[in-house]
Amino acid sequence: MIGKTDERETSVLGATISRRGFVKTGGALFVSLALPLRFATRAEAAENPTSIDPTSPASWLEIRSDNTIVARTGRTETGVGITGYYPQTIAEELNVRPETITLIMGDTDRTPDGGYSAGFLSGMTNVRKVAAYTYQALLGLASTQLGVPVSSLSVTDGIVTGGGKKITYGELVQGQHLELKIPVEGTLPKPDPAGEVGMTSLDGVTVTGNPPMKAPKDFKVIGTSFPAGHIPDKVTGKTRWSCDVVLPGMLHARMVRPATLGSTLVSAGTIDKKQFPTAEVLRKANLLAVVSPNEWEAVQAAQSVADTTKWTDWSGLPGSENVTKAIRAHKWVRPSESKGKAAETEAALQSATKKISATYEQGYVRHAPIGPFVAVADVKSDGIVTVWTHSAQSQGLRARIAYVLGIPVEKVVVRWMDHSGQYGRTTFGGDGAEADAAVLSQLAGKPVRVQWTLPEDLAWSSVSPAWVSDMTAALDAKGQIVALHSAQYAPHMEDPRPLGALLAGMPCAASKPGGWVATEWPYDKIVNRLEDAYGMPNLAGDSANGGLRGNIMRTPGQRQQNFALEGFINEAAAAAGADPIEYRLAHTTDQRVINLLRAAAEAANWETRPSPHGRALRSGTAPITGRGVCIMVRSNAYWVGIAEASVVPSTGVLKVTKFTVGCEPGKIINPRQLDRCMKSGVVMGLSEALKEEVTFDKSKVTSTNWNSYKILTMGEMPEIKVVQISRDDKGFGGGSEAANALVPPALAAALFDATGVRARRLPLTPTYVSSLLKA
Amino acid sequence: MATELTLSVNGAKQTVTVDPDTPLLFVLRNELKLTGPKMGCGMAQCGACAVLLDGKEIRTCITPVSGVAGKQITTIEGLPALWAQEKSLSASDSETTLHPVQQAWIDEQVPQCGYCQSGMMITAVQLLSKNPNPSVDQIKDAFTNTPPSPHLCRCGTYAAIIDAVQRAAQAMRGEAR
């Protein structure tokens with residue numbers, strides 16, 4: 001770089017553009033934060049070839065002289081298509097082709113913003129504004145260069161034209177080092193034991209102000225099925241996954257976990273050095289591992305150490321068959337959150353002529369990725385810690401690792417890489433193998449790669465807690481709901497403590513147990529409603545190792561609460577003798593609900609009639625068919641699920657023959673990616689509805705492989721029909737994850753339609769269905 | 001005891017010095033740096049580690065490396081070469097042509113997280129080598145009942161996989177879409 005910083009600054013809509021200097025080759029416009037943020041030291045940044053100015057925070061966008069664009073975000077590809085819709089969104093506001101954009105994700109030392117990878121709406125708004133500010137700055141530069149007013153300029157594919165002249169974005173930045181600072185608020189997370197999940201905030205940085213943005217009617221890239229950029233390298237084997245990290249001198253580790261969820265170490269087993277010459281046992285408190293330069297030696301030696309290690313006995317779990325009883329037995333005091341009108345709802349229920357009530361429940365389920373947790377950590381003697389991870393919260397993980405090791409956040413670098421989907425368990429930057437790896441690397445003085453096994457993952461990773469919901473409604477003479485009260489009771493699902501730190505007895509910033517009301521109310525005609533959510537600590541949370549650590553899982557809160565709410569709406573419809581779709585339409589004036597319900601009903605050839613079906617049967621060996629419906633509103637997206645199923649009463653085997661899923665998420669960004677997410681969401685929802693439950697005895701989890709924790713196979717997948725409605729007048733909604741939540745209530749309703757039997761617990765296994773049919 | 005073994009992987013001879021009991025998966029990933037196959041369950045219950053052995057799917061997480069010497073091993077990294085060989089493509093064409101199964105996986109936007117998809121593509125290649133025009137039911141059977149265990153995808157991409165297998169089948173039959 002040559003030349004001096006040009007102090008002249010120009011302000012554009014609250015963003016400030018300045019020329020930092022001139023360069024011999026290349027040139028770029030760097031878009032960065034207008035808030036001072038501390039990042040890696042100059043020395044660390046110097047090793048980072050993508051950071052051109054090592055003293056600056058990593059830029060958000062770079063417009064380069066070769067007409068390519070680099071976009072950086074701390075949010076990551078979790079399998080729902082961010083590598084498609086982020087470039088689309090940026091390209092739309094900049095008027096460039098999305099193929100010219102390279103996305104760098106997740107690394108804490110080369111991305112500026114932090115934030116939740118699941119935070120589609122906030123992340124999307126951020127990148128859109130970043131691009132919009134940049135577009136205005138580029139127009140200003142072009143206006144100066146061409147001598148044409150901004151109002152006379154237009155841009156297509158990165159070429160600015162006006163007044164008979166044209167110039168590319170690349171030419172605008174050629175030979176210069178320009179910097180655009182855009183206004184932001186928020187900070188990157190720091191440990192804070194008093195914070196909600198033990199952190200200051202995991203929201204990351206938010207772009208403020210209101211730069212002009214394109215109207216949906218003018219979109220050219222948004223609304224097309226631009227391919228997600230992560231796919232080709234994954235298909236050819238070129239992607240470097242977090243499990244592929246190899247460092248000089250790296251040791252492979254296998255963990256030796258306690259005998260039970262609450263056991264502590266009595267004595268660690270030893271290694272036969274003749275048999276395993278390069279393996280070693282590492283231990284810190286109850287954290288026990290075997291490391292070796294050779295992975296197979298680590299596996300075998302860890303098995304032999306496990307065989308001779310002694311742990312204390314412990315039993316403090318209720319057993320999974322008693323989980324509802326255990327939740328009921330908690331001394332509940334008051335809800336963590338309530339929504340609605342308490343007094344009016346109570347009064348309406350008291351004075352009701354007809355009341356219905358029911359209890360819904362579910363056992364523990366879990367995220368259960370195909371790839372167990374894996375991480376590599378390198379704790380250097382100079383105190384710099386680098387962690388290679390697939391966590392969905394890189395900045396949160398960074399702060400958490402710093403807290404565990406008792407070092408400043410600035411000393412930790414988190415490098416993100418692809419891995420198996422996590423479905424929410426790493427959202428708070430806690431669950432995973434990273435703390436194991438960091439503690440072991442500190443002990444070994446070498447980089448350590450920790451690979452969990454499937455049985456270990458299914459026994460020790462965090463879980464989506466069991467819950468119970470009590471539902472009560474008052475009906476008027478026509479069967480219309482005039483008041484509804486729901487109360488959900490559950491262990492909390494925001495435990496961010498890393499297992500490795502818990503076992504090693506190191507500091508863990510924890511969260512406060514609590515529940516929340518997740519449902520977004522679609523029934524505006526039900527004026528008197530009260531929704532209560534109660535939270536309690538983990539089951540066996542006072543044990544040495546934290547008990548069953550709860551964490552959020554795909555479509556959290558609503559997945560559970562919507563099963564209760566929509567199941568109960570179906571019960572009320574049946575009590576009123578009404579068709580379940582017509583009944584819903586009678587309880588709302590929300591045109592988005594109405595439009596989508598009608599479209600999905602038509603697509604599914606829905607026959608208007610009450611449930612159960614006139615042919616409903618509780619016995620016999622012939623399959624009986626039924627259908628059921630549910631709706632959901634979530635994050636400005638509207639959803640409908642319609643299940644068609646058959647059940648054989650003599651066996652209780654429930655089979656889904658067709659599932660229609662409808663979504664109206666405002667403007668659809670990428671129809672094919674949404675189609676993929678809707679169908680895959682239905683598969684995950686079917687899996688949960690039909691098969692999934694974590695089983696445990698008094699001391700440990702017992703569903704620790706794919707034969708005991710069963711998930712849906714391809715052979716069990718029904719025909720899935722997708723209905724999409726895109727509209728230009730409602731902004732953007734969250735469409736990528738929620739389809740799974742539609743399956744359980746719709747399927748339980750289909751079972752009712754076929755048999756007249758109401759299932760109020762998940763999963764709908766043959767044993768459970770049989771017991772209902774025989775009752 | 002470490003022993004020298006010669007393997008035939010993706011059309012090339014490879015010599016490794018390893019404990020003969022080492023699972024093939026670790027040899028492929030750690031010795032030969034072929035990281036397409038993934039560590040999943042470690043007990044042949046999920047299919048993430050699948051490769052072709054003489055054209056038939058095996059689970060490398062439970063297969064000792066000593067048992068595969070002298071046989072042809074194909075990972076997803078070797079699928080383009082396999083296709084080039086089958087179609088006698090020129091050297092330049094073979095460098096730029098993916099196996100139709102891989103191309104269909106891209107065109108149908110199959111992977112979500114993608115962790116299981118290496119194994120899924122292996123099964124697809126095996127299926128299409130025997131059945132050039134599989135029905136939806138035959139595809140479901142090939143991923144569920146035929147392999148050592150059902151191929152599992154937690155993201156739930158089964159519908160996309162079915163679309164992609166049918167697209168690849170069409171391409172391999174030489175039919176335009």
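Reader: How many of the 18 residues of α13(A) are buried?

Author: This is a predicted model. In it, helix α13(A) is mostly covered. The count of buried residues in α13(A) is 17 of 18.

Reader: What span should helix α13 of chain A have, and how far apart are its end C-alpha atoms?

Author: Helix α13 of chain A covers residues 558-575, which is 18 residues. At 1.5 Å a residue the helix should span 26 Å, and this agrees with the distance between its end C-alpha atoms, 24 Å.

Reader: Which residue with a positive phi follows α13(A)?

Author: The phi in question is near 65 degrees. The residue that follows α13(A) with this value is A:G577.

Reader: Why is strand β5 of chain A described as largely enclosed by the rest of the structure?

Author: Strand β5 of chain A runs over residues 69-73. In a regular strand the side chains alternate between the two faces of the sheet. Here A:I69, A:A71 and A:T73 point one way, while A:V70 and A:R72 point the other way, and all are buried. The strand is largely enclosed because the buried residues number five of the five.

Reader: Which residue of β5(A) is the bridge partner of A:I63?

Author: Strand β4(A), residues 61-64, pairs with β5(A) in the antiparallel sense over three bridges. The hairpin of these strands has four residues between them, and A:N67 there takes a positive phi near 65 degrees. In β5(A), the partner of A:I63 is A:I69.

Reader: Which residue of β6(A) stands opposite A:V70?

Author: β5(A) and strand β6(A), residues 101-105, run parallel and are joined by five bridges. With helix α2(A), residues 82-94, these two strands make a right-handed β-α-β unit. The residue in β6(A) opposite A:V70 is A:T102.

Reader: How far apart are the C-alpha centres of domain 2 and domain 3 of chain A?

Author: The domain assignment of chain A places domain 2 at 244-314 + 373-451 and domain 3 at 579-774. Between the C-alpha centres of these two domains the distance is 40 Å.

Reader: How do the residues on the side of chain B that touches chain A divide into nonpolar, polar and charged?

Author: The contact involves 48 residues of chain B and 43 residues of chain A. Elements giving two or more residues to the chain B side include α1 (24-31), α5 (117-130) and α7 (158-172) of chain B. The residues of that side divide into 23 nonpolar, 19 polar and six charged.

Terms used: Residues are numbered from 1 along each chain as its sequence is written. Chains are lettered from A and ligands numbered from 1 in the order in which they are written. This is a predicted model: local features need pLDDT of at least 70, side-chain atom pairs count only at pLDDT 80 or more; totals for chains, interfaces and linings use all residues. Domain bounds come from an automatic or database domain assignment. A residue is buried if 20 or more other C-beta atoms lie within 10 Å of its own, exposed if 12 or fewer, and partly exposed in between; C-beta atoms are placed from the backbone. Two strands pair if DSSP finds at least two bridges between them. A crossover is right-handed if, with the strands pointing away from the viewer, the path from the first strand over the helix to the second runs clockwise. The expected span of a helix is 1.5 Å times one less than its number of residues. Two residues are in contact if their C-beta atoms, placed from the backbone, lie within 7 Å. Ala, Val, Leu, Ile, Met, Phe, Trp, Tyr, Cys and Pro count as nonpolar, Asp, Glu, Lys and Arg as charged, and the others, Gly among them, as polar.
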